[in-house]
Structures are given as structure tokens and as C-alpha cells.
Amino acid sequence: MDPQTVPGFLSPEEGYALAESVRSTREIAGVVVEIGAYCGRSTLYLAGALTTGALVFSIDHHRGSEEHQPGGGYDDPRFWDADAGCVDTLPSFRANVRASGLEDRVAAVVGEAAAIGRVWASPVRFLFLDGGHSRRAALQDWRVWSRHMALGGVVAIHDVFARPAEGGRPPHDVFTLACGSGLFAPTHRVGSCQFLTRLGASG
Ligand code: MG
């Protein structure tokens with residue numbers, strides 16, 4: 001199944017770059033985590049790049065980000081659960097992972113990423129950061145999850161725009177914060193997907 005048939009906001013170039021980057025961290029001890037899955041487009045790129053036996057932990061509350069709420073600009077009535085009175089992308093996510101034959105490589109973790117990150121205990125070799133894009137949510141996810149990164153591991157932050165006119169600032173602010181910390185260094189950017197490496201694996 002072509003991941004681009006899944007509703008979402010990741011371009012093919014960004015998806016291929018994610019897959020290639022996941023492969024580049026194969027030798028590092030640690031797990032693959034994504035924050036913000038929506039209907040699973042990015043999940044399919046990440047899981048498709050895994051070796052047998054490896055997992056992507058896909059974290060999302062599946063209630064939609066701010067922009068996915070009714071009137072939010074990116075709302076999609078297909079994912080409105082009338083009984084619950086809220087967005088629910090989990091059924092679509094599950095169906096897409098199943099249809100792609102990747103269920104054995106995807107562990108869906110349903111809940112708030114920051115709350116989960118506070119009790120997380122495994123080193124992360126690859127982190128795809130695409131959760132809530134409000135300033136508060138983006139910074140909170142970063143504070144909680146950046147400390148789990150394995151040395152030499154890779155972080156990919158989605159929706160990093162050079163110019164404010166192109167999109168919201170919080171992902172770019174997280175990128176700036178990461179570089180300023182002295183713990184991460186930028187490597188490359190594909191589309192709006194900014195890649196960084198956790199320093200300290202050598203030197
Ligand atoms: Mg995004």
C-alpha cells in the first residue's frame with residue numbers, strides 16, 4: 001500500500017527521507033518512536049524501513065491536533081466520532097497499518113505523548129516529532145522526549161519552516177532550542193522535515 005494514499009501531511013520525499021534515516025540508525029541500540037501519527041502515513045514509511053523483529057512505537061491520542069478539530073482548517077469529517085463527540089483517527093490508523101501488512105512492526109501507544117514520555121525507560125535511536133504544534137505542546141514533547149535519545153540517534157522534526165509565512169513557529173523553535181542545547185546538531189532538511197543527530201557518540 002502506498003503511504004501517500006493514507007490521509008496525512010507528509011510528502012513522498014519526506015517519507016523516503018524518514019525511511020532512509022531509520023535505516024541509518026540500525027546499528028544503534030534503541031527503539032524507533034513517532035509522536036503524532038494521525039492516520040498512519042508516516043508510520044508506514046517508518047515501519048517499512050525496519051528490520052524483522054524491530055518495532056515503531058507510534059504515540060498519538062488519536063483525538064486530532066488543534067488544526068484537526070471542527071473549523072480548525074484541517075478538519076476532516078470522516079474522522080468525527082459522533083457518539084464520542086470528538087475526533088477519532090485510531091480506526092483509520094489500524095486499518096491502514098493492517099492493509100500494509102505491518103501490524104507486527106507497529107506498536108500503537110494511545111495517549112498523551114508527554115505523559116508517556118515521563119515514564120518511558122528505553123533509549124530511542126530514532127524519534128519522529130510531529131505531535132501537537134501549539135507552542136506549549138511542542139516544547140513539552142521536546143523536553144520530555146529529548147532526554148531519551150541514544151547517543152548518535154536521530155531526531156526528525158516535521159513542519160520546520162525557514163520563514164514564518166510558510167507555517168507555524170513552534171516546530172522551528174524546538175529546532176533552534178535543540179541546536180542551542182549543544183546536545184544536537186542539524187544534519188539535513190528534506191521538505192519541512194529537519195534531521196538532527198544526538199551528539200556524544202564519539203568525541
Ligand atoms: Mg506534520
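Reply: Contacts first. Among contacts in the chain with a separation of 6 or more, 72% join residues 24 or more positions apart. This is a predicted model.

Now the magnesium ion. Its protein donors are D130 (OD), D130 (OD), H158 (ND1) and D159 (OD). These donors lie 2.2 to 2.8 Å from the ion. Along the sequence, the donor residues follow the spacing D-x27-H-D.

Where do D130 and D159 sit? D130 is in the loop between strand 6 (124-129) and helix 5 (135-146). D159 is in the loop between strand 7 (149-157) and helix 6 (170-180). The pair therefore ties together parts that are 29 residues apart in sequence.

Is D159 buried or exposed? Its relative accessible area is 16%. The cut-off for buried is under 20%, so D159 counts as buried.

Step back to the chain around the site. The secondary structure comes to 6 helices and 9 strands. Of the 203 residues, 49% are buried. A compact globule with 203 residues would have a radius of gyration near 17 Å. The chain has 16 Å, so it agrees with that value. Along the principal axes, the C-alpha atoms fill a box of roughly 55 × 40 × 35 Å.

Last, the surface and the charges. The chain exposes about 9,500 Å², and carbon and sulfur atoms supply 53% of that area. The chain carries 18 positive and 22 negative charges. Their mean positions are 7 Å apart.

Notes. Residues numbered from 1 in each chain as written. Predicted model: local features only at pLDDT ≥ 70, side-chain atom pairs only at ≥ 80, totals over all residues. Heavy atoms only, no water. Donors = N, O, S within 2.8 Å, 3.2 Å for Na, K, Ca; no water. Helix = DSSP H or I, 4+ residues; strand = E, 2+ residues; numbered from the N terminus. Buried < 20%, exposed > 50% of the residue type's maximum accessible area, 1.4 Å probe, protein only. Rg over C-alpha atoms; globule rule 2.2 N^0.38 Å. Contact = heavy atoms within 4.5 Å. Areas by Shrake-Rupley, 256 points an atom, 1.4 Å probe, with all protein chains shown as cover. Lys, Arg positive; Asp, Glu negative; His and termini not counted. Charge placed at Lys NZ, Arg CZ, Asp CG, Glu CD.
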